[in-house]
Amino acid sequence: EFPPGAQLPSEAELRERYAVSRATVRKAMEDLSAAGVIRKAQGQGTYVKERGVPGQSVLLQGYLDDVLVSDSRVTFRELSVEEVTLPPDLDELFEEADRGAATRYVSLTLQSDRPVMVGTSWIPLSIAPRRHKPDLVPGEQLTVVRLRPSGHSIHHGRQTLFATTATGEQARHLGISRGTPVMASRRLYYNRAGRLL
């Protein structure tokens, strides 16, 4: 019904059209936003995103870095850690209390000392303070380790896969040419209560 780029009806219109409660509409919108299907433009409405295909909800199975950590040849290198303000498209996904200040982690995954993946993680400071050089136990994923000191654990996640081209920074770290086609993923992690981490 709603093609990419289309504006969605208001919550009130959706409630009336589908004869459902406000809570049902809100939950559906949160799920669509978490899956990367829609984007909210503050004061303008909600729109169907132009690109990206949502992956199924998983319990941390099937993500490339979750698979790689079980490989003894895999190592991680932290490239940068900085306190930043969440970009608008990410900020809108979080609860009000978690918006704004965050830590941006950029890391490189290597297999047998060859770079295979550049990862960027955004963790709001209200969820976990900035962490340098986490102590990694074999088989553990970086995000899990960064959240642990704050008492947060990942219960489930959602992943969106899409094709893109390597930026200059990504190309430099991966040893490829800028503009080379690459596969990218966007992952959202949640705790047991459904809070985005």
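Tutor: Let us begin with a definition: two strands pair if DSSP finds at least two bridges between them. Please keep in mind that this model is predicted.

Student: How many bridges join strand 1 to strand 2, and which residue stands opposite isoleucine 38?

Tutor: Strand 1 covers residues 38-41 and strand 2 covers residues 45-48, and the two run antiparallel. The bridges that join them number four. Within this pairing, the residue of strand 2 that stands opposite isoleucine 38 is valine 48.

Student: Which residue takes a positive phi in the hairpin of strand 1 and strand 2?

Tutor: The hairpin has three residues between the strands. One of the residues in this hairpin has a phi near 80°, and that residue is glycine 43.

Student: Is alanine 19 buried or exposed?

Tutor: Alanine 19 lies in the loop between helix 1 (11-18) and helix 2 (22-34), and has a positive phi of about 50° although it is not a glycine. Its relative accessible area is 70%, and exposed means over 50%. Alanine 19 is therefore exposed.

Student: What is the nearest side chain of opposite charge to aspartate 91, and how many Å away is it?

Tutor: Aspartate 91, which lies in helix 4 (residues 88-91), is buried yet has no salt bridge. A salt bridge would need a side-chain nitrogen of Lys or Arg within 4 Å of a carboxyl oxygen. The side chain of aspartate 91 does have a polar atom 2.7 Å from the backbone nitrogen of glycine 100. The nearest side chain of opposite charge is arginine 99, at 4.7 Å.

Technical notes: Residues are numbered from 1 along each chain as its sequence is written. Side-chain values use heavy atoms; hydrogens and water are left out. Buried means under 20% relative accessible area, exposed over 50%, partly exposed in between (1.4 Å probe, protein chains only). Lys and Arg count as positive and Asp and Glu as negative; His and the chain ends are not counted. A polar contact is a pair of N or O atoms within 3.5 Å; within protein, one must be able to donate a hydrogen and the other to accept it, and residues adjacent in sequence count only if both atoms are side-chain atoms.
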